[in-house]
Amino acid sequence: MKRSAVRPSPLFLGLLAATVVGAVLTVFEGEALLITGTVLFILGGWAVSLCLHEFGHAIVAYRGGDYSVRSKGYLTLDIRNYTDPVLSIVLPLVLLAFGGIPLPGGAVWINHHSLRSKGVESMVSLAGPASNLALGALLAGSVAVFNPSVGLASALSYLAYLQIIAFVLNILPIPGLDGWGVWEPFMPPAAQQFGAKVRPWAPLVLFASLFAFPMVAVVFFDIAEVVFGLLGGHMSFAAFGQSNFMFWR
């Protein structure tokens, strides 16, 4: 891969800067600054993680033979290249703000015929959730290592927990989610055809089930909490961060 292939866009750097500003605000005294900083940090951080998730798909595809991702702008980390204004930005942010569920909102279009093998196809799908897991581990680890202020620790922990939720959600072997894409190249043609038919609405059924059936949600979030805990995360900090983010509740 050429060094010039990856060029972070000014918009991505701006989102990253806004996230840092939010983090800084959480360390100052005062409830207003804490809430403002937490909201800015979570929204900015989630947008950054969305870029990293889709970049993960793209960079593995690029190295695996699909060089078209470069011309499509996927290697610039520009959120506009990964998103639809409503389905990929507005809807996910609404679900995040009011439901606490980080909906995977981005998309990259991969030329699977250009990829070198089924194994590469599988790794392309896995790269997105893996980026969420890695980022969650990094954020949770930063709390344990650096012992920041309570406000910052809570914001970091909640964003880390959201990354783990996104990982658990995306890794499920359901058509339309990355977990299905990990296994799809190795499936028989009939299973692939079934997945193609139900892909548009299968994730919506999953999200509806999380809201409509409390037991489904309990099992799902219990799994996320276990993974979060294994990475050293503290739910007490994450809960305080969520409280500050959803300050109107």
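This is a predicted model: local features need pLDDT of at least 70, side-chain atom pairs count only at pLDDT 80 or more; totals for chains, interfaces and linings use all residues.
**Helix α9**
- Helix α9 spans residues 202-212, and its buried residues are A202, P203, L206, F207, S209 and L210.
- Looking down the axis of α9, you would find these buried residues within an arc of 155 degrees, so they line one face of the helix.
- Here is a handy idea: an α-helix has 3.6 residues a turn, so residues three or four places apart point the same way.

**Aromatic pairs: Y161 and F228**
- The model has six aromatic pairs.
- In one of them, the ring centres of Y161 and F228 are 5.4 Å apart with planes at 55 degrees, so this pair is tilted.
- Y161 belongs to helix α6 (residues 150-170) and F228 to helix α10 (residues 214-230), so their pairing ties together parts that are 67 residues apart in sequence.
- Are these two residues buried or exposed? Y161 is buried, at a relative accessible area of 8%, and F228 is buried too, at 1%.

**Aromatic pairs: F247 and W248**
- F247 and W248 have ring centres 5.3 Å apart and planes at 80 degrees; planes over 60 degrees apart count as edge-to-face, so that is what this pair is.
- F247 is partly exposed, with 45% relative accessibility, and W248 is partly exposed as well, with a relative accessible area of 40%.

Technical notes. Residues are numbered from 1 along each chain as its sequence is written. Side-chain values use heavy atoms; hydrogens and water are left out. Rings of Phe, Tyr and Trp (its six-membered ring) pair if their centres lie within 6.5 Å; planes under 30 degrees apart count as stacked, over 60 as edge-to-face and the rest as tilted. Helices (H or I, at least four residues) and strands (E, at least two) are DSSP runs, numbered from the N terminus. Buried means under 20% relative accessible area, exposed over 50%, partly exposed in between (1.4 Å probe, protein chains only). The arc is that of the directions from the helix axis to the C-beta atoms.
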